[in-house]
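Biologist: Please put the model up, and then I will ask about its contacts, its helices and its loops.

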Amino acid sequence: MIDHALTLSLGMFCIALLLTCWRLLAGPDVLDRVLALDTLYVNALAIVILLGIRFRTQVYFEAALVIAMLGFVGTVVTARFVARGDVIDHD
Amino acid sequence: MTHDALPFAIDLVASLLLVAGGGFALVGAIGLARLRDFYLRVHAPTKASTLGVGGALLASMLVFGWTGQRLVIHELLITVFVFVTAPIAAHLLVKSALERDPAQRPPAPDRIADHAEDSGASHSPRM
């Protein structure tokens, strides 16, 4: 049963990725695109975890951890850059 | 794929968690694609995606914890990290939007009634 549930859940996450990609391409503002990228990496993280369950291997979880850390740093840096024009205060 | 057979209870609970997580992520993405304003759009996926990832991680913890291939430290680390960082990222995004565009700032809470009267039904939080 868990194989069917994995297939269904992967399909749902893939539709979510497509909707997020639409917002990424069509977003009227830069911050909409940043938000779409944030959602995109969280959904990609979930898909990597689902593939790890399906293949019963451990390698995918290292990748998921790296995606989680780098995605958060990317979102924070991009949001600050859009708001202020630089990432680190110089004065 | 040849899986070692899971007991029925763990199979059922993990399947329910997986489907619920996928449903949450799908609802969040639909909200991100369909809602009208940036402040409405930032509301939808930041909670739903966290719950979606949480469902997938709980199912993974169940399956790998039962089959005993390893400890579930990885899932715990990812869960803590995602659950801590996703609200911070959303908060920083909204702060950036407010700093960047003060004209788009939503009205203060005591003026919401006036604002709704001014612009009619278009400011109800529906699509």
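Biologist: Leaving aside neighbours within four places in sequence, which residues is I49(A) in contact with?
Modeller: This is a predicted model. I49(A) is one of the residues of α2(A) that meet α3(A). Neighbours within four places in sequence are left aside, and the contacts of I49(A) are then Y60(A), A64(A), A56(B), L57(B) and S60(B).

Biologist: Which residues have the most contacts inside the largest nonpolar core?
Modeller: In general, nonpolar side chains in soluble globular proteins tend to be buried together. Here the largest nonpolar core has 51 residues. Those with the most contacts inside this core are A46(A), I49(A), A25(B) and L93(B).

Biologist: Which element gives the largest share of this core?
Modeller: In the core of 51 residues, at least two residues come from each of α1, α2 and α3 of chain A, and from each of α1 (8-34), α3 (43-67) and α4 (73-100) of chain B. The largest share is 13 residues, and it comes from α2(A).

Biologist: Which element gives the most to the side of chain A that touches chain B?
Modeller: Contacts join 44 residues of chain A with 46 residues of chain B. On the chain A side, α1 (2-26), α2 and α3 each supply at least two residues. By class, this side has 31 nonpolar, seven polar and six charged residues. With 15 residues, the element that gives the most is α2(A).

Biologist: Is α2(A) roughly parallel or roughly antiparallel to α3(A)?
Modeller: The axes of α2(A) and α3(A) come within 9 Å and cross at roughly 175°. Angles over 145 degrees count as roughly antiparallel. Therefore α2(A) and α3(A) are roughly antiparallel.

Biologist: How do the residues of the contact of α2(A) with α3(A) divide by class, and what are the counts?
Modeller: From α2(A), the contact includes V30(A), L37(A), D38(A) and G52(A). The division is 18 nonpolar, four polar and one charged.

Biologist: What covers the buried residues of α1(A)?
Modeller: α1(A) has 25 residues and reaches 36 Å from its first C-alpha to its last, close to the 36 Å expected. Its buried residues include I2(A), M12(A), F13(A) and R23(A). What covers the buried residues includes α2 of chain A together with α1 of chain B.

Biologist: Is Q58(A) buried or exposed?
Modeller: Q58(A) is in the loop between α2 (30-55) and α3 (59-84) of chain A. Because Q58(A) has 12 other C-beta atoms within 10 Å, Q58(A) is exposed.

Biologist: What is phi of R56(A)?
Modeller: R56(A) is found in the loop between α2 and α3 of chain A. With 14 other C-beta atoms within 10 Å, R56(A) is partly exposed. Its phi is positive, in a residue other than glycine, and is near 55°.

Biologist: What pattern does chain B follow along the sequence?
Modeller: Of the 127 residues of chain B, 34% count as buried. Among its contacts between residues at least 6 apart in sequence, 63% join residues at least 24 apart. The secondary structure comes to five helices and zero strands. Read along the sequence, the pattern is α-α-α-α-α.

Notes: Residues are numbered from 1 along each chain as its sequence is written. Chains are lettered from A and ligands numbered from 1 in the order in which they are written. This is a predicted model: local features need pLDDT of at least 70, side-chain atom pairs count only at pLDDT 80 or more; totals for chains, interfaces and linings use all residues. Helices (H or I, at least four residues) and strands (E, at least two) are DSSP runs, numbered from the N terminus. A residue is buried if 20 or more other C-beta atoms lie within 10 Å of its own, exposed if 12 or fewer, and partly exposed in between; C-beta atoms are placed from the backbone. Two residues are in contact if their C-beta atoms, placed from the backbone, lie within 7 Å. Ala, Val, Leu, Ile, Met, Phe, Trp, Tyr, Cys and Pro count as nonpolar, Asp, Glu, Lys and Arg as charged, and the others, Gly among them, as polar. A nonpolar core is a set of buried Ala, Val, Leu, Ile, Met, Phe, Trp, Tyr and Cys residues joined through C-beta atoms within 7 Å. Axes are lines fitted to C-alpha atoms, for helices over the stretch in contact, and angles run from 0 to 180 degrees between N-to-C directions. Angles under 35 degrees count as roughly parallel, over 145 as roughly antiparallel, 65 to 115 as roughly perpendicular and the rest as oblique. The expected span of a helix is 1.5 Å times one less than its number of residues.
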